[in-house]
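The tour below goes from one selection to the next.

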Amino acid sequence: MRISELLRSSVFSALVAIATFGATLGAAGQAMAFDDKVFDDKTGVKPQSSPWAVFQFGFSAYKNGRKEQAAEAYKYAAENGQIGATWKLARMYAEGDGVERDDYAAFKFFSEIADQDVEPGSPEESYVSDALVALGDYLRKGIPGSPITENEVAAQEYYMRAAANYRNPNAQFEMGQIFLNGKGGVKASLKQAGRWFQLAAEKGHAGAQATLGHLLFQSGKIVRGLAMMTAALERASPSDQPWIRGMQEEAFAAAGEADRRTAISLADDILTKGGGDQ
């Protein structure tokens, strides 16, 4: 199941923050106005350049397909305190985007971000929140060929920090899974699992909504559960549609015709509201 990687790509407000400053860059001609000031095609980032200006250059270079220059710019900006640049580097290495994929390098960059003292509600919260989830994902499985081994207890600690402190829906979903299945030494608790799934579902998390709908269906709330699974299937990314579809189709086949019709109507209502209203 790859639901964490799903909404990580939604990457919540982090992408919104980057898009916001990206919009301020203006047209390509305007971007070039500071390109010459901070970056030289032969020597790279110019000494004493403003880390923020170099970060902006990196974003512009990335958007224009000059990813090697972007990575170099992000490294300079990251070394000089730009947490957003560190996040971009982590993502590039995690996905092999413009650089050779290196999960251990990504892990180290994410760890640098997670070590930052960022208060909930601050502009940089989304970077820390996403980094914590990424670290949890890595520790849950380990990174072959690196010192990072499977450690479900440590993964749980990262998920809990992101879920509780930063209200990250991906982390809340993972906490729901932990309590549902009793992972990492945690005693299984349907009540606690439902609480975390509910919080993530309210933020539109398709996986949490589908799982919560499945639990409701199993508890006898046929219409509500089926409606939630149906709405979740519509929202899910292509990579997560198969497991949600299997869950939804099994429930759909078991429901009566009247319940199916009502559930479909209710699913439309859930989608129209845009959230995970239960």
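This is a predicted model: local features need pLDDT of at least 70, side-chain atom pairs count only at pLDDT 80 or more; totals for chains, interfaces and linings use all residues.

**Stop 1: an aromatic pair.** Select F107 and Y138. Their rings are 6.1 Å apart centre to centre with 65° between the planes, an edge-to-face pair. Planes over 60 degrees apart count as edge-to-face. F107 belongs to helix α7 (residues 103-114) and Y138 to helix α8, so the pair ties together parts 31 residues apart in sequence. Are these two residues buried or exposed? F107 has 10% relative accessibility and counts as buried, because the cut-off for buried is under 20%. Y138 is buried as well, with a relative accessible area of 13%.

**Stop 2: an aromatic cluster.** Next, select W52, F55 and Y74, which form one aromatic cluster.

**Stop 3: the largest nonpolar core.** This core holds 86 residues, and Y74, F110, I113 and I244 are the ones that touch the most other members. Helix α8 (residues 125-141) gives the most to the core, with 9 residues. Now centre on F110 and show its contacts, leaving aside neighbours within four places in sequence.

**Stop 4: the cavity.** The count comes to 1 cavity of 30 Å³ or more. The largest cavity has a volume of about 90 Å³. To see its lining, select R140, E152, A155, Q156, Y159, E174, Q177, I178, K183 and G184. The elements that give two or more residues to this lining are α9 (152-165) and α10 (169-181). α9 gives the most, with 4 residues. By type, the lining of the largest cavity divides into 3 nonpolar, 3 polar and 4 charged residues.

**Stop 5: the second largest pocket.** What volume does the second largest pocket have? The value is about 170 Å³. Select L190, G194, R195, Q198, L212, L215, L216, Q218 and S219 to display its lining. Helices α11 (190-201) and α12 (206-218) each supply at least two of the lining residues. The lining of this pocket divides into 4 nonpolar, 4 polar and 1 charged.

Methods
Residues are numbered from 1 along each chain as its sequence is written. Side-chain values use heavy atoms; hydrogens and water are left out. A nonpolar core is a set of buried Ala, Val, Leu, Ile, Met, Phe, Trp, Tyr and Cys residues joined through side-chain atoms within 4.5 Å. Buried means under 20% relative accessible area, exposed over 50%, partly exposed in between (1.4 Å probe, protein chains only). Contact means heavy atoms within 4.5 Å. On a 1 Å grid over the protein atoms alone, a cavity is a set of points where a 1.4 Å probe fits but cannot get out, and a pocket is an open set with protein on both sides within 12 Å along at least five of seven lines; lining residues have an atom within 4 Å of a point. Grid points are joined across faces, edges and corners, and a volume is the space filled by probe spheres set on the points. Ala, Val, Leu, Ile, Met, Phe, Trp, Tyr, Cys and Pro count as nonpolar, Asp, Glu, Lys and Arg as charged, and the others, Gly among them, as polar. Rings of Phe, Tyr and Trp (its six-membered ring) pair if their centres lie within 6.5 Å; planes under 30 degrees apart count as stacked, over 60 as edge-to-face and the rest as tilted.
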